[in-house]
There are 2 protein chains.
Amino acid sequence: MQLDGSNLHAMAVGCSILGAGGGGDTAIGLLASLQAVEAFGPVPVVDLDELPDDALVMPCGGIGAPMIWIEKIDRGDEIARIIPIVERLRGKPVAALMSAEIGGSNGMSPVVWAAGAGLPVVDADGMGRAFPEVPQVTMEVAGISASPAVMTDERGNVVIFEGIDGHWMERMERSMAVEFGGQAYSSEYQMTVVEARRATARGTVSLAIRIGEAVLGAEHDPVGALAETLSARTLISGKVVDVERRITGGFVRGSATIEGLGIDAGRVVRLEIQNENLVAIDAGEVLAMVPDIITVVDTETAQAIHTERLRYGQRVTIVAFPCDPIWRTEAGLALAGPRAFGYDLDYVEVERLNAG
Amino acid sequence: MQLDGSNLHAMAVGCSILGAGGGGDTAIGLLASLQAVEAFGPVPVVDLDELPDDALVMPCGGIGAPMIWIEKIDRGDEIARIIPIVERLRGKPVAALMSAEIGGSNGMSPVVWAAGAGLPVVDADGMGRAFPEVPQVTMEVAGISASPAVMTDERGNVVIFEGIDGHWMERMERSMAVEFGGQAYSSEYQMTVVEARRATARGTVSLAIRIGEAVLGAEHDPVGALAETLSARTLISGKVVDVERRITGGFVRGSATIEGLGIDAGRVVRLEIQNENLVAIDAGEVLAMVPDIITVVDTETAQAIHTERLRYGQRVTIVAFPCDPIWRTEAGLALAGPRAFGYDLDYVEVERLNAG
């Protein structure tokens, strides 16, 4: 498979839906990736089974507030600057790039960078969705080291972090990203292919394309096509009647209330938001919770509406679907389960909560 | 010359006086260096002319708020962790350590680290005094690159900065120091000996010892002995009648007012403070200004009173003496002259201002 003008639109739609409301808009990432494949040619997507065991996989992405990226866009050469530094630190060439986070804008960025560097991207990522913090990746769950990490900005500043664990990396890189103007680019958790096979969410690039093609290709019922592709549950279809949003500690926190219409008339679902949609509650009953993926989509088009774009009056449908199995392990839930976000809830899988 | 129990007390007294009120207390640095030379043996002090031209000189010091260091002291092995990383980045062994800042606590720290590493310290530093910001060093004036810089803390976290100029380094490292708990350790502006010969304030370690020996050895008039050793002007002798201090933007700003006693009765001198004593004014007439060194000393003992220890009622004498000549160049004044600190004053040398 390769990424080119024929499937990047679909991929962008899929990345947005996998973002669980977070990860930022894919509009700029789509434009940048279309320009990159036009300039440098298509980007091969390789499965981890096709690469040699000891080849080096380099996760990468933007760090900072996605909303800033809408105005403070990258030059395009940031990760090109990081690649030789990672190669020097690791003592071997980078064989392929990988999105640290398939959900939202970070799902598209590696395509731009891989096109410029003449590298493939692997059909995998470090989340299978979007999460707000550096260590909330499948590699951390699998025991891969976050260090050395390399960070840069559009000016050419380079910062290297060594001997720093994932949680300190979050503090250090977040603070640097603020100094860099709210947005920077980085690589952490580089690993060999043999490590990546057990430490990543696999197949997520092709999944994003499949989601997007289902949604864009549906003649009558895009939401139905989306639900079928993802085995997703439709939690409610209705109207946004309340959005509360505040920015604390660098994160967007708040809630959104959706009042049912049609067959859902009379029901009300509240979404708890911390950058991503984390918990969906119907009259005190939890319908879905993190790390499962809860996404608000437009009822007409099935395109994702990111948390920062939720507005009163929108006609929306909430879909929820299972996260990558690695998040359902004890270590995965400790890092990104409901309690990791401050909710006093025992995790129950979305398919069990909605088995009726 | 070597540093050992016979001259470290004097050196600490001298470093405090060279601090121009800043750079922090030398009490902990003195205790740590005494312990280090007891454990590892004396530390040789070498002149730059004694070292091979292409040998590597590694400036080092603490970064952060000196007052925090009074409680959050270092483990002692921080710079030992930095040395091999600098050697790897520079591709050659470190031949000697150098204090980035002879004034205050950073004047003593390299002694501790050199003892542990079995390295000499050079008889020079990067300021000849204390200044608040990373790029306010003679190496910056001389065009030496601030990068690569290496920073660490007592936990073993390591951050490397590449391709970053002195002013960005200040922002980056300051922000990291805050994340590290307000105090960290770093090396910037590494250089060869041939570069160091023109890019440093030379002879400042032996000067610090000479100052301390004069003050501690004076039988009757320590302030007189100090003034003679430094060719210093005595601006006023009197009593602290007002101290105003506020912490803004991570720096201590304020002023202190000294009312003359004895032959100075009737005179009042105001000191403008930004971490260091920057300007001394007598009834609208400037008596001394940065980058020349203005230090408040105890009138009885001639020991320096750092800005954070100034108190109402103290009997003090203000002395002022010439800075290293590199600061009097156009580039030096641009970086650390009165206008660099926001004073709308043309620089005039302290010896010219007090020629009468």
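Reader: What makes α9(A) and α10(A) roughly antiparallel to each other?
Author: In this predicted model, helix α9 (residues 204–217) of chain A and helix α10 (residues 222–230) of chain A pack at an angle of about 155°. Angles over 145 degrees count as roughly antiparallel. The two helices α9(A) and α10(A) are therefore roughly antiparallel to each other.

Reader: How far apart are the axes of α9 and α10 of chain A, and which residues make the contact?
Author: The axes are 8 Å apart. From α9(A) come A:Arg210, A:Ile211, A:Ala214 and A:Val215. From α10(A) come A:Pro222, A:Ala225, A:Leu226, A:Thr229 and A:Leu230.

Reader: Is the crossing of α9(A) and α10(A) left-handed or right-handed?
Author: The crossing in which α9(A) passes α10(A) is right-handed.

Reader: Which residues touch the most other members of the largest nonpolar core?
Author: That core has 242 residues. A:Leu226, A:Ile318 and A:Ala320 touch the most other members, together with B:Leu226, B:Ile318 and B:Ala320. A:Leu226 also belongs to the α10(A) side of the helix contact.

Reader: What does A:Ala320 touch, beyond residues up to four places away in sequence?
Author: Among its contacts are A:Ala232, A:Arg233, A:Leu235, A:Ala280 and A:Leu287. A:Ala288, A:Asp292, A:Ile293, A:Ile294 and A:Val350 are touched as well.

Reader: Why is the relation of chain B to chain A that of a two-fold axis?
Author: A rotation of 180° superposes chain B on chain A, with 0.1 Å of shift along the axis and an RMSD of 0.0 Å. That is the relation of a two-fold axis.

Reader: Which residue of chain B comes closest to the rotation axis?
Author: B:Ile160 does, with its C-alpha at 2.3 Å.

Reader: How do you know that the copies meet through the same surface?
Author: Of the interface residues of chain B, 100% are also interface residues in chain A, so the copies meet through the same surface. The contact takes 15 residues from each of chain B and chain A. On the side of chain B that touches chain A, β7 (158–162) and α7 (166–179) each supply at least two residues. α7(B) gives the most to that side, with six residues.

Reader: What makes helix α1 (residues 8–18) of chain B mostly covered?
Author: Nine of its eleven residues are buried. They are B:Leu8, B:Met11, B:Ala12, B:Val13, B:Gly14, B:Cys15, B:Ser16, B:Ile17 and B:Leu18. Their cover includes β1 (2–3), α2 (27–40), α5 (105–117), α9 (204–217), α10 (222–230) and β16 of chain B. B:Ala20 follows α1(B), with a positive phi near 55°.

Reader: Why does A:Tyr189 count as buried?
Author: A residue is buried if 20 or more other C-beta atoms lie within 10 Å of its own. A:Tyr189 has 29 C-beta neighbours inside 10 Å, so A:Tyr189 counts as buried. A:Tyr189 sits in the loop between β8 (183–187) and β9 (191–192) of chain A. Its phi is positive, about 55°, although A:Tyr189 is not a glycine.

Reader: Which peptide bond of chain A is cis, and what is its omega?
Author: The bond from A:Ser147 to A:Pro148 is cis, with omega near -10°. A:Pro148 lies in the loop between α6 (138–141) and β6 (149–152) of chain A. In chain B, a cis peptide bond joins B:Ser147 and B:Pro148, with omega about -5°.

Note on methods: Residues numbered from 1 in each chain as written. Chains lettered and ligands numbered in written order. Predicted model: local features only at pLDDT ≥ 70, side-chain atom pairs only at ≥ 80, totals over all residues. Least-squares fit on C-alpha atoms with pLDDT ≥ 70 in both. Contact = placed C-beta atoms within 7 Å. Core = buried A, V, L, I, M, F, W, Y, C linked by C-beta atoms within 7 Å. Buried ≥ 20, exposed ≤ 12 C-beta atoms within 10 Å, placed from the backbone. Axes fitted to C-alpha atoms, helices over the stretch in contact; angles between N-to-C directions. Helix = DSSP H or I, 4+ residues; strand = E, 2+ residues; numbered from the N terminus. Parallel < 35°, antiparallel > 145°, perpendicular 65-115°, else oblique. Left-handed = near helix turned anticlockwise from the far one by under 90°.
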